[in-house]
Structures are given as structure tokens and as C-alpha cells.
Amino acid sequence: MLGNFIGVLFDGVAYGSLLFIISIGLSVTMGLMNFVNLAHGAFAMVGGYACVVVMTRLGVPFLASLPIAFVAAAAAGIVLERSLYRRLYRATHLDQVLFSIGLVFMSIAATTYFFGPQQQPVQLPEFLRGQVHVLGLDLGTYRLFLIAVVIIITVALTWLIERTRFGAEIRASVDNQQASAGLGINVYRVFSLTFALGSGLAGLGGGLGIDVLGLDPTFPLKYMVYFLLVVAVGGAGTIKGPLFAALILGIFDVAGKYYVPQVGAFVIYVAMVVLLIVFPHGLAGRRT
Amino acid sequence: MPELLRADGITAGYGDSIILEDIALNLAAGESLALLGRNGVGKTTLLLTLMGLARLRQGRIVFNGEEITQLPTHRRAHAGLGWVPQERFMFPSLTVEEHLSVVARPGGPWNLGRIYKMFPRLEERRRNLGNQLSGGEQQMLAIARALMTNPRLLLLDEPMEGLAPIIVQELMKVIGQIVRAGEFAVIVVEQHARLALELTQQTIVLDRGRVVHRCTSEELLRDRSTLDRLVSVA
Ligand SMILES: Nc1ncnc2c1ncn2[C@@H]1O[C@H](COP(=O)(O)OP(=O)(O)O)[C@@H](O)[C@H]1O
Ligand SMILES: [Mg+2]
């Protein structure tokens, strides 16, 4: 019973960790650029397919395919930011939503055309499969690996945002674009790089997530609500908020599906409503 | 002195509204200019136009030998315009020290050490966030932040606004030092006209978006009745 509970908690944390990696970029772009990007999941999908392609066609090992997923999604992010997204920064939220949902459908159609509608397989290396025995509990090795990756990314990201000049430029631009530009910060460049970073992390999450979330052309649509929930509950423009939100949502989702399977998928929505009533600005939202 | 700023036939505003009409402005390197006029006549708009933050309809701006009329805002800052906005625009998520380091452009006389010597208060508060400062400290930081870009022209938009008299005195001492040192040119917008006139060499007065008077600051300081007519003296 207790073992079960801890197992569910563990799975929930691992699942939430994945949601966090994928969503953190969305949180930053929504906080920084005030842009509602429903197509964020498409960048995760780019990363996922990049992993699959280099593994199955080029024989690249799984761990080495992850940085490739990051780079592929970041590159897609830069190209789309420069060519399309930039034009809509000053557009209304409705325009942004319509534009980005259009991108979602285009990404679904394009992926189906090139790769077919089926689920993509991922071959995890031997050392990431199976279970490890910790304190009398059986914990999935891959899930432990996911949690470790998220810890590393959170530390690195916090260092980047809190300790480097680029991080200070991001924070200044989020706080006040006009003042930042007026003092010599190239806000456009900050936007592009941040967008690329967020897309890259989504791509990394897409690659890491194949084994847990699956990967097929409908991925961006299937998980869109989860990414938006993380940002809505966590608050845009911070790291801590989305991290806690992703973990809470991950745990509630896994626990809901395990303990009350009849209403399983519904549990996270209840969690979201409660959290938003208690924290209307998000868990760590910026007060504007 | 070589010419630093030349703005000709500036017509500018926001969106569809035109606030400034046919303004001309000249400044030599190291020269100081008071920009006076009643509330709402367009002083801030003129500074924003120089920074590329208002909508320029007509005219051209040449700064330090380079035409900057079409330059994006951050490139104007790189070219040497040091902006101290009227609203101060602190960054709530940056510490005092980060305010200074994030905009720092080395290659000039200003660095953290010199700033802290000039504003010891900022050094005491270096770990505080931008929104945890008093009004006077915010203004010091806004000025210090602009200095860290090593400007050729400092744009001071009502630096004394809303400050207690004792803080005004303290701040005036420092501003007086840096302006009179002549390391860079200065445009000062100020409601306290006398303060601005005492600081500066030249003066222009705006009314409803047009230049209505040009003279040396000394002249206007002596001519009390003209000063009263042009600007309601605080
Ligand atoms: N962002 C803006 N959009 C539209 N009108 C503005 C804006 N800012 C200022 N104005 C208008 O421009 C005029 C000049 O304002 P401003 O330049 O701030 O005057 P001053 O600095 O001399 O007090 C005012 O009538 C003001 O209402
Ligand atoms: Mg003003």
C-alpha cells in the first residue's frame, strides 16, 4: 500500500519532470514576449523525431541523440522566430492563438506525410532499462534518469538566468522592454536566443519523453493542454513556478489515473482549478 | 568644440497624434542644454524621439557624425545616448549591481568602482532589488545606470521630480559635478527651472510642441520676467 503510494509519487515526479523540461520554454516565451504559443509542443515533436531519425537511420546511440534533439528543435525555433513569430509580437492574443494553432496542424500534417501516423519506437540503452532496488522499492531506472536530467537542467538554467549577464538581459527585458532597449540591450536578440533555448529544451524533452509520452504526429495537440496548464499554474516568466506546477500536475495525473481510473484524466483539471483559486497569479508568477 | 548632436525639422508623436513640430536642436560635445517648458508641452517626447521610442514623422537626427534617424533604440544607446527616463524604470527582478552590470559598456571612464565612489548609497544597497529602493535611490540608480553605458550625451528627464528637498540637494551636488566636468554633453529636462539653468550653458523652451525661446542659460537666469512668462517656476 505504502509502497504503491511511493511508486505513484515517484512516477508522478518523473512524469512532471518531463512536463517541466518541455514547458519551461513556453513559460519563458509567454513571460518574456507575452506571446501565446500553442505550437510549443511542435518543437518537442521536432526533438522527438530528430532522436528517432538519428537513432534508427544513422545508428546514433540514445544519449548522443539527445543533444541532437536539442539542437534540431532550437534551430527550428530560431528559423520560425525570425521568419514568422516576430511578426506577431504586437498582434492580439487571438491572432497569436490562431497563427500558432495553424502551425500545430501544419506540423501534424507534415509529420504524417514524412513519417506516417504510427507511434515511433525508441530503443533505450540496456543500462536505462529495468528497475533498480532502492530501500525495498522497485524504481524504474529510466524514470530515475529523467529526474536526474531535470535536476541538472534546473540547476543550469537557474545559473544561466540568475548569474550570467545574458540571464540579467532576459530578466531586464521581461521587466521593461523599453527601458532595456533604451539602455542598449538588444531585446530582439534576447528574444531570438531565448526562444531558441526554450524550443531546444522542448526538443530535448520530446526526445527524453518518447518512452513515457509516446511519439506520433498528434503529439503537439495531445499534450498542448498539459503544457499550458504548467504555465498557467506555475506563472509565466519564472523557473521555480513551472517546476512546482509540473511536479504537482504530474503527481496528480499519475495518481488520478491509478487510484480513480474512472475520472483519471479529469483529476488534473480539478487540481488546476483549485491551485488557480488559491494562487491566482500562479505559484510564483510575476506580479505585473 | 565639434558638433555632437544635430536634429533638424523634427516632427514626431505617438501613433496618429503629432506632439512635436519642426524642432531643431544642436549640441556640441561636452555642452549642456536645459530643456524647459510647462507640463505636457513635449519635453519627454523629444527625448523619446532621440531614443527612437516615439514615432518620428519628419526630420533627421545626426549624432556623433552618424545619421541615427532610422537606427533601432539599442543601437542609439550604443552610439552614446545615455537615457535617464522620467519614470526611472527600475527593473524589479534585478539587483542594484545587476542594473549597472547588465548595461555596462566598457571602454570609457565609467565603471562600478567609480559609480560606487560617486554614489556610496548604491554600494550599500547593491544586493537590493530595483523595487526595494527609495525614490532618491531609484533616481541615483537611473543616473548611474545610464553612466555605465559610457554615454557621449546624457538625457536627464526631470531627475528631481517627486524627491524630498534634502535629497534634491544631495543629488544636485552629484549631478552638478558630472555635468560641469564636461566629460559628456547633457540635456536636462526639469520643472525646477532654476536648478536646470544653473547647471547648464544653453536653454531652449518648448510650448505646445514648438521651440518658443532659445538663449544662454545665464541670460534666462537673470531675466526673471521672461522666465516667469515662459515657464511657471516651481
Ligand atoms: N505614449 C503616449 N501616447 C500618446 N500621447 C502621449 C504619450 N505620451 C505623452 N503623450 C502626450 O504627449 C504630450 C506631451 O507629453 P510629454 O512629452 O510627456 O510632455 P512633458 O514631458 O513636456 O511634460 C502630452 O499631451 C501627452 O498627453
Ligand atoms: Mg515629461
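B:Arg208 is exposed, at 70% relative accessibility. Exposed here means over 50% relative accessible area, buried means under 20%, and partly exposed is in between, with a 1.4 Å probe and protein chains only. B:Arg208 sits in the loop between strand 9 (202-207) and strand 10 (210-216) of chain B. Helices (H or I, at least four residues) and strands (E, at least two) are DSSP runs, numbered from the N terminus. The phi angle of B:Arg208 is near 40°, a positive value in a residue other than glycine.

Before I go on, a note on what you are looking at. This is a predicted model, in which local features need pLDDT of at least 70 and side-chain atom pairs count only at pLDDT 80 or more, while totals for chains, interfaces and linings use all residues. Residues are numbered from 1 along each chain as its sequence is written, chains are lettered from A and ligands numbered from 1 in the order in which they are written, and side-chain values use heavy atoms, with hydrogens and water left out.

Now a second residue with a positive phi. B:Phe89 has a phi of about 50°, although it is not a glycine. It lies in the loop between strand 6 and helix 3 of chain B. Is B:Phe89 buried or exposed? At 18% relative accessibility, B:Phe89 counts as buried.

Next, the metal. Which residues coordinate the magnesium ion, ligand 2? They are B:Thr44, through OG1, and B:Gln86, through OE1, at 2.0 to 2.2 Å. B:Thr44 belongs to helix 1 (residues 43-51) of chain B, and B:Gln86 to the loop between strand 6 (81-84) and helix 3 (96-103) of chain B, so the pair links parts of the chain 42 residues apart. Donors are N, O and S atoms within 2.8 Å of the metal (3.2 Å for Na, K and Ca); water is not among the atoms, so sites may look incomplete. B:Gln86 is buried, at 18% relative accessibility.

On to ligand 1. The residues around it are B:Tyr14, B:Ile19, B:Arg38, B:Asn39, B:Gly40, B:Val41, B:Gly42, B:Lys43, B:Thr44 and B:Thr45. A residue is near a molecule or strand if one of its heavy atoms lies within 4 Å of it. Helix 1 of chain B gives the largest share of this shell, three residues. Sorted by class, the shell has three nonpolar, five polar and two charged residues. In this sorting, Ala, Val, Leu, Ile, Met, Phe, Trp, Tyr, Cys and Pro count as nonpolar, Asp, Glu, Lys and Arg as charged, and the others, Gly among them, as polar.

Some of these residues make polar contacts with ligand 1. A polar contact is a pair of N or O atoms within 3.5 Å; within protein, one must be able to donate a hydrogen and the other to accept it, and residues adjacent in sequence count only if both atoms are side-chain atoms. An N or O atom in the side chain of B:Thr45 is 2.5 Å from an oxygen atom of ligand 1. For B:Thr44, a polar side-chain atom lies 2.7 Å from an oxygen atom of the ligand. B:Val41 uses a backbone N or O atom, at 3.3 Å from a ligand oxygen. Taken alone, ligand 1 exposes 560 Å², and the protein buries 58% of that. Those areas come from the Shrake-Rupley method with a 1.4 Å probe; for residues, only the protein chains shown count as cover.

Now salt bridges. Side chains of opposite charge can pair when their charged atoms come close. The cut-off is a side-chain nitrogen of Lys or Arg within 4 Å of a carboxyl oxygen of Asp or Glu.

A:Arg86 is partly exposed at 28%, whereas A:Glu81 is buried at 0%.

In chain B, B:Arg125 pairs with B:Glu137 at 3.1 Å. B:Arg125 lies in the loop between helix 5 (120-124) and helix 6 (135-147), and B:Glu137 in helix 6, so the pair ties together parts twelve residues apart in sequence. B:Glu137 is buried at 5%.

Last, B:Glu67. This residue forms a salt bridge with B:Arg60, at 3.0 Å. B:Glu67 also meets the side chain of B:Thr69 in a polar contact of 2.6 Å. The B:Thr69 side chain reaches the backbone nitrogen of B:Ile61 as well, at 3.0 Å. B:Thr69 is buried, with a relative accessible area of 9%.
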